[in-house]
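Thanks for sending this one over.

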Amino acid sequence: MDERPVLVLGSTGTVGRRVTRQLRERGHAVRAGSRSGDVPFDWFDPHTWKPAVSGAGAVFVMAPDGVPVADVFVDMAVAEGISRFVLLSSKAVDVMGDERLLAAERAVTSSGAEWTVVRPDWFDQNFDEGFLRAAVLAGEIVLPLGDMRQAFNDAGDIAAVAVAALTGDGHAGRTYELSGPDALSFGEAAAVIACASGREVRYRGEPDAYLETMTGLGLDRAQVLAEIEALRATGDATPNDVVAEVAGRPPVSFETYVRAAAERGAWA
């Protein structure tokens with residue numbers, strides 16, 4: 001096994017900080033890279049790339065929403081001796097036509113180094129750490145997904161799969177489509193949160209309701225509608241056993257996540 005440190009990009013983010021923690025708990029040397037991390041790294045400042053990569057053996061690659069993974073970064077990393085990439089991508093990027101993440105996948109898979117792509121479903125933590133927390137606190141979640149079922153992934157499970165791929169054998173050249181153990185609609189997810197938190201949380205899943213929330217943001221209505229249709233075309237998620245097979249333990253259920261979040265006051 002390569003004993004050089006693992007560089008974790010986005011090490012202060014939802015998945016990245018869990019990857020960092022799990023690596024350290026397993027005794028691996030970690031370089032925690034981010035704009036505010038131990039190792040300065042900024043996708044918009046190429047001067048930070050080489051110092052962050054230098055001396056590392058593997059890289060957990062993620063970029064914030066809307067930010068591309070630069071081909072020149074991947075090429076530079078390989079030239080500096082990186083032998084393994086684990087990329088955080090997303091479910092159904094090919095169906096959705098997400099060119100940013102598809103380009104990132106092409107960059108690592110054509111790099112010449114070992115690679116693994118991790119494609120999770122919606123994060124559990126979107127509801128208490130991410131973009132849906134404000135909606136939960138306001139009592140209304142609006143997404144154009146109707147009764148479509150999602151196999152929500154716990155961020156700790158995503159991290160566990162990434163850590164296995166970063167440090168273990170048998171993962172090179174694999175694309176892991178992750179799921180949680182159950183498939184729930186957003187309406188059902190909202191009901192679970194409401195019950196555990198004691199808050200009223202309702203769900204509106206009609207495209208028109210979603211478009212109402214977009215009013216005033218200057219977005220192209222036709223483009224938004226096309227994106228909605230692409231998203232809805234993915235259909236209901238089907239749970240799988242990938243987390244258990246790769247991480248060696250069963251995935252966290254949505255109900256377990258919600259109870260733990262409510263107990264620590266996530267929606268107080």
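1. Let me start with a term. A cavity here is a set of grid points where a 1.4 Å probe fits but cannot get out, and its volume is the space filled by probe spheres set on the points. Please also keep in mind that this is a predicted model.

2. How many cavities of 30 Å³ or more does the structure hold? There is 1. For the largest cavity, the volume comes to about 30 Å³.

3. Which residues line the largest cavity? They are Gln150, Ala151, Phe152, Gly180, Pro181, Asp182, Leu184 and Phe254. Sorted by class, this lining has 5 nonpolar, 2 polar and 1 charged residues.

4. Phe254 is a handy link to the next point: besides lining the largest cavity, Phe254 belongs to helix H12, which spans residues 254-263. Helix H8 (residues 186-197) packs with H12 at an angle of about 35°, and the two axes are 9 Å apart. H8 passes H12 in a right-handed crossing.

5. Who makes that contact? On the H8 side you will find Ala189, Val192, Ile193, Ala196 and Ser197, while H12 brings Phe254, Glu255, Val258 and Ala262. The contact of H8 with H12 counts 7 nonpolar, 1 polar and 1 charged residues.

6. Now for another helix pair. Helix H1 covers residues 16-25 and helix H7 covers residues 155-167; their axes come within 8 Å and cross at roughly 55°. Angles of 65 to 115 degrees would count as roughly perpendicular and those under 35 as roughly parallel, and H1 and H7 are therefore oblique to each other. The crossing in which H1 passes H7 is right-handed.

7. In this contact, H1 supplies Arg18, Val19, Gln22 and Leu23. From H7 come Ala155, Gly156, Ala159, Ala160, Ala162, Val163, Leu166 and Thr167. By class, the contact of H1 with H7 has 8 nonpolar, 3 polar and 1 charged residues.

How values were computed. Residues are numbered from 1 along each chain as its sequence is written. This is a predicted model: local features need pLDDT of at least 70, side-chain atom pairs count only at pLDDT 80 or more; totals for chains, interfaces and linings use all residues. Side-chain values use heavy atoms; hydrogens and water are left out. Axes are lines fitted to C-alpha atoms, for helices over the stretch in contact, and angles run from 0 to 180 degrees between N-to-C directions. Helices (H or I, at least four residues) and strands (E, at least two) are DSSP runs, numbered from the N terminus. Angles under 35 degrees count as roughly parallel, over 145 as roughly antiparallel, 65 to 115 as roughly perpendicular and the rest as oblique. A crossing is left-handed if the near helix is turned anticlockwise from the far one by less than a right angle, and right-handed if clockwise. Contact means heavy atoms within 4.5 Å. Ala, Val, Leu, Ile, Met, Phe, Trp, Tyr, Cys and Pro count as nonpolar, Asp, Glu, Lys and Arg as charged, and the others, Gly among them, as polar. On a 1 Å grid over the protein atoms alone, a cavity is a set of points where a 1.4 Å probe fits but cannot get out, and a pocket is an open set with protein on both sides within 12 Å along at least five of seven lines; lining residues have an atom within 4 Å of a point.
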